[in-house]
Amino acid sequence: MSRVQNRDRDAFAVLVSRHLDGIHAFNYRMTRNQEDAADLAQETFLRVWNSAATWRSHRVKFTTWLHRIARNLCIDAHRRHRETHEADANIVAEDGAAPEDAPAASRLRQALDEAITDLPERQRTALVLCHRDGMTNRDAAAVLAVSVDALESLLARARRTLRLKLREYR
Amino acid sequence: MDDETFEHFLDRHGADLDRWPDNLAADARSLVERSVRARDLFREARELESALDGLLPAVAAPLGLKARVLANLPERAAWFEWLAVKAWRPAAIALVPLVVGFGVGLNVAQGADATANVAEDDVLLALFDPDELARYELPGTDTADQP
């Protein structure tokens, strides 16, 4: 990273290779859209390149800093596209098949998908960061700039909401 | 650990007991063996994790994205690179004597102002106090007929 801070493009290429899949996956899980995830990944690394000089290794881990940038961009993108997406969703709801006609598994998947989208942003981010082989709670807490206890509270609220949704379809 | 506590920790730490703190994980495994309710909660939590795998997949970046990222890095002029990366430290160091000189100059100027203010105060005092005025009386002048 110190070479990137000195504007070394080869070092930056190595950095991108190392972290691109992780950041793209994070963006995809946050936006649920391949195209948006790719655009946001590109924007994230552009910010890293432009702001590399401001990163201090003793203050924050690089991956934490990187995910903070990606998260802020996801929030901005969500704000920008909210109205468009709502309009699109209304069109799909009007044109698509009635939910009752779909198979139960598909309805459950759709309901959970909507429940994840409807989670407050901090709960959704916590869930995305910690799901399966994701970050440790400590690292995820650093990305969200909260204590580990507060992160676990966010995770608990997110999981409880989704579990209750799951129960409705069992 | 009872069922309610287990549910609480299940929401906080998820269904993968390997990610739980060691002491809690041992208690949870023991509870799951003996409590039907705990087993139901555990199964439900694992169902949720499994559903999330499908809904939050770890999708690899599309081919060509890395090339796109690298191709779109802004080009900066060489002089800007030099200024932004290499020149700012020596420039900052060179500015130190200037800042110190300015500070010293400001202090000296304030000291001179203070001396001038003291002399001004003495003249005003003499105007309003006759005794003090006598100290400044010029030879040959007579102040006896003054009231």
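The structure is a predicted model, in which local features need pLDDT of at least 70 and side-chain atom pairs count only at pLDDT 80 or more, whereas totals for chains, interfaces and linings use all residues. Residues are numbered from 1 along each chain as its sequence is written, and chains are lettered from A in the order in which they are written.

**Chain A**

Chain A holds eight helices and zero strands; helices are DSSP runs of H or I with at least four residues, strands are E runs of at least two, and both are numbered from the N terminus. Of the 170 residues in chain A, 33% are buried, a term for residues with 20 or more other C-beta atoms within 10 Å of their own, the C-beta atoms being placed from the backbone.

H6(A), residues 121-130, packs against H8(A) at an angle of about 95 degrees, and their axes lie 8 Å apart. Axes here are lines fitted to C-alpha atoms over the stretch in contact, with angles running from 0 to 180 degrees between N-to-C directions. The two helices are therefore roughly perpendicular, the class for 65 to 115 degrees. Residues in contact have C-beta atoms, placed from the backbone, within 7 Å. H6(A) contributes residues including A:Ala126, A:Leu127 and A:Cys130, and H8(A) contributes residues including A:Leu151 and A:Leu155.

A:Ala126 also belongs to the residues with the most contacts inside the largest nonpolar core, which has 53 residues. Such a core is a set of buried Ala, Val, Leu, Ile, Met, Phe, Trp, Tyr and Cys residues joined through C-beta atoms within 7 Å. Its largest share, nine residues, comes from H2(A), residues 9-31.

**The contact between the chains**

In the contact between the chains, 27 residues of chain B meet 32 residues of chain A. Helices of chain B that each give two or more residues to this side are tabulated below.

| Helix of chain B | Residues |
|---|---|
| H1 | 3-13 |
| H3 | 36-55 |
| H4 | 65-71 |
| H5 | 78-128 |

H3(B) gives the most, with nine residues. The buried residues of H3(B) include B:Leu41, B:Phe42 and B:Leu48. These buried residues pack against H5 (104-118) and H8 (148-168) of chain A, together with H1 and H2 (22-34) of chain B.

Technical notes: Two residues are in contact if their C-beta atoms, placed from the backbone, lie within 7 Å. A residue is buried if 20 or more other C-beta atoms lie within 10 Å of its own, exposed if 12 or fewer, and partly exposed in between; C-beta atoms are placed from the backbone. Angles under 35 degrees count as roughly parallel, over 145 as roughly antiparallel, 65 to 115 as roughly perpendicular and the rest as oblique.
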